Amino acid sequence: MHQATTTTGGHVLSEQRHLIRRLTHGRLIRRLTQLYVGLALYGASSALLVEAGLGLEPWGVLHQGLAERTGLTIGVVSILVGAAVLLLWIPLRQRPGLGTVSNVFVIGITMDGTLALVPETHSLAVRIPLLLAGILLNGVATGLYIAARFGPGPRDGLMTGLHRRTGRSIRLMRTAVEIAVVVTGFALGGTVGVGTVLYALSIGPLAQLFLRVFAVPSASDGSTVVATGQPRRAILRP
């Protein structure tokens, strides 16, 4: 009787371990899917903002300005700027994750790919919907990739790193960095307009909403993790 009970208990334990492995594997697949779909959508949404021509997000202004000056595509400039910002993580003692490194390349590649596919338009009746679609899609993309929890983007990591090194608030660091980025980009020829203002006002609420929508269940207890430390600090830029 004792041996039968032990055998049954061992079988149940084995089944539980198998179930846990399956759940863990499924969760990882979901997180990876969210990461790369989110980054690809982010690049596509940035391309829509470029095509709309009514104002870009802060870092997009800088990327476009540098692209105008160098003759490189905006996607290539995005990759180069992302890599340069990532180097600034070294003195700030930031540790990149899979999402951080993937961010540098995936967004720039998909941005150039989308720009190659979307026809150029000059009609305001088309440009306004493009702007609105780009901002909404950007919010969806931000929620997807941040909720995957594979590390912040290089630009967000710069802001959180400056926060830790200087003791200043995240909000102050983000504001200071993005003002400098917008001013520099505008001086280089980047587009600042109503879209820049609308993006700044709407991206926070949109990203927070989609963080909740795409939250991945926690590995420990099956509950959802929505806005813990990292997502709240890394909500606006990849």
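Predicted model: local features only at pLDDT ≥ 70, side-chain atom pairs only at ≥ 80, totals over all residues.
Which residues of α2 are buried? The views below begin with the whole chain and then turn to this helix and other details.

View 1. Residues are numbered from 1 along each chain as its sequence is written, and side-chain values use heavy atoms, with hydrogens and water left out. Helices (H or I, at least four residues) and strands (E, at least two) are DSSP runs, numbered from the N terminus. Of the 238 residues, 45% are buried. Buried means under 20% relative accessible area, exposed means over 50%, and partly exposed lies in between, with a 1.4 Å probe and protein chains only.

**View 2. Helix α2 and its buried residues.** The buried residues are P58, W59, G60, V61, L62, H63, Q64, G65 and A67. With 13 residues, α2 reaches 19 Å from its first C-alpha to its last, close to the 18 Å expected at 1.5 Å a residue. The expected span is 1.5 Å times one less than the number of residues in the helix. G71 follows α2 and has a positive phi, near 85 degrees.

**View 3. Helix α3 and its buried residues.** In α3, the residues I74, G75, V77, S78, I79, V81, G82 and V85 are buried. The end C-alpha atoms of α3 are 20 Å apart, which agrees with the 20 Å that its 14 residues should span at 1.5 Å a residue.

**View 4. The largest cavity and its lining.** A cavity is a set of points on a 1 Å grid, over the protein atoms alone, where a 1.4 Å probe fits but cannot get out; lining residues have an atom within 4 Å of a point. Grid points are joined across faces, edges and corners, and a volume is the space filled by probe spheres set on the points. The count comes to one cavity of 30 Å³ or more, and the largest cavity holds about 60 Å³ of space. Eleven residues line the largest cavity, and S46, E57, G60, H63 and M111 lie nearest its centre. At least two lining residues come from each of α1 (2-52), α2 (58-70), α3 (74-87) and α5 (98-117). The lining has five nonpolar, four polar and two charged residues. Here Ala, Val, Leu, Ile, Met, Phe, Trp, Tyr, Cys and Pro count as nonpolar, Asp, Glu, Lys and Arg as charged, and the others, Gly among them, as polar.

View 5. One aromatic pair is found in the whole structure. Rings of Phe, Tyr and Trp (its six-membered ring) pair if their centres lie within 6.5 Å; planes under 30 degrees apart count as stacked, over 60 as edge-to-face and the rest as tilted. F210 is buried because its relative accessible area is 14%.

How values were computed:
1 Å grid on protein atoms, 1.4 Å probe; cavity = no way out; pocket = protein on both sides within 12 Å on 5 of 7 lines; lining within 4 Å.
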